[in-house]
Amino acid sequence: MRLGGVGGGSTATGLTFERDVDFQSLLRNVPGYEIKPILGKTGDGVYFKGALVARCFKKHSFYKYLAEHGIDWTKLISKKLLPDDALLVIVRETLFIIEVKYQQVAGSVDEKLQTCDFKRKQYLKLVANIGLKVEYVYVLNDWFKAKEYHDVLGYIHSVNCHYVFNKLPLPWLGLPTA
C-alpha cells in the first residue's frame with residue numbers, strides 16, 4: 001500500500017480500521033504480535049515473536065512516558081495534546097501519532113485535519129531531548145476521498161504529515177510482518 005491512500009486494499013501487511021476500533025486492538029489480531037505491559041514502564045509493549053519492537057501510549061500515558069525521561073511537558077508546550085494512539089517504533093527511533101478520523105456526515109473533523117502541522121511540531125518539542133523523530137498520520141475512512149477534501153489532503157502532505165485510507169501499513173511504520 002502506498003501511503004496517501006492509493007492501492008493495497010487487500011494486503012495482509014496492514015491494519016484495517018473501522019469506527020471505534022483502536023490501533024492496539026487491531027495489532028493484537030495480527031499473527032506474531034502480542035501487546036502487554038512492560039515491567040516498570042509506562043504504556044504497553046508491542047512484541048513480535050517475543051521481541052519488543054515498539055511501545056504504545058494512549059492519551060495521558062504518553063505524558064507519563066515523558067516523565068520517565070525527566071521531561072516536564074508544561075515547560076515545553078502550553079496545553080496537553082492527547083493522541084488517539086502514540087506508537088514508539090524502537091528500531092526507527094520514531095514516535096508515530098496515529099489519529100483515526102471516521103466520518104459519515106460533514107462535521108467538525110473537517111477543520112481538525114488542518115491542525116496536523118501544529119500538533120506534529122508540538123510533539124517534536126516534547127521529544128526533542130530524547131532524540132526521537134515524529135510522524136503524524138491520519139487514518140481516514142472513505143468519506144474523505146470526496147473531492148471536497150482534495151485541498152486539505154494536499155495540505156496534509158505539504159506539511160510533512162501523512163494520511164491513509166482505512167488501513168495502516170505495518171512496513172511503513174517499521175514493524176515486522178514475517
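This is a predicted model: local features need pLDDT of at least 70, side-chain atom pairs count only at pLDDT 80 or more; totals for chains, interfaces and linings use all residues.
Ser158 is exposed, with a relative accessible area of 52%; exposed here means over 50%, buried means under 20%, and partly exposed is in between (1.4 Å probe, protein chains only). Residues are numbered from 1 along each chain as its sequence is written, and side-chain values use heavy atoms, with hydrogens and water left out.

**The chain as a whole**

The protein chain holds six helices and nine strands. These elements are DSSP runs numbered from the N terminus: helices are H or I with at least four residues, strands are E with at least two. Of its 178 residues, 46% count as buried. The chain exposes about 9100 Å², and carbon and sulfur atoms supply 52% of that area; accessible areas come from the Shrake-Rupley method with a 1.4 Å probe, and for residues only the protein chains shown count as cover. Contact means heavy atoms within 4.5 Å. Among contacts between residues at least 6 apart in sequence, 62% join residues at least 24 apart.

Ser158 lies in helix 5, which covers residues 150–158. Which residues of helix 5 are buried? They are Val152, Leu153 and Ile156. Seen down the axis of helix 5, the buried residues fall within an arc of 100°, so they line one face of the helix; the arc is that of the directions from the helix axis to the C-beta atoms. An α-helix has 3.6 residues a turn, so residues three or four places apart point the same way. The buried residues of helix 5 pack against helix 4, strand 7 (133–140) and strand 8 (162–165). On the other side of helix 5, His150, Asp151 and Ser158 are exposed. Ser158 and Asp117 are 41 residues apart along the chain, and their C-alpha atoms are separated by 9.3 Å.

**Helix 2 meets helix 4**

Two packed helices are described by the angle between their axes and the distance between the axes. For helix 2 (residues 61–68) and helix 4 (residues 116–127), the axes come within 11 Å and cross at roughly 30°. Helix 2 and helix 4 are therefore roughly parallel to each other, a label for angles under 35 degrees. Phe62, Tyr63 and Leu66 of helix 2 make the contact with Tyr123, Leu126 and Val127 of helix 4. These residues divide into six nonpolar, no polar and no charged.

**Residues in the loops**

Lys49 is exposed, with a relative accessible area of 61%. Asn160 follows helix 5.

Thr42 is found in the loop between strand 2 (33–37) and strand 3. Is Thr42 buried or exposed? Thr42 is buried, with a relative accessible area of 14%. Leaving aside its neighbours within four places in sequence, Thr42 is in contact with Arg55, Phe57, Ser61, Lys64, Tyr65 and Glu68.

Definitions and conventions:
Axes are lines fitted to C-alpha atoms, for helices over the stretch in contact, and angles run from 0 to 180 degrees between N-to-C directions. Angles under 35 degrees count as roughly parallel, over 145 as roughly antiparallel, 65 to 115 as roughly perpendicular and the rest as oblique. Ala, Val, Leu, Ile, Met, Phe, Trp, Tyr, Cys and Pro count as nonpolar, Asp, Glu, Lys and Arg as charged, and the others, Gly among them, as polar.
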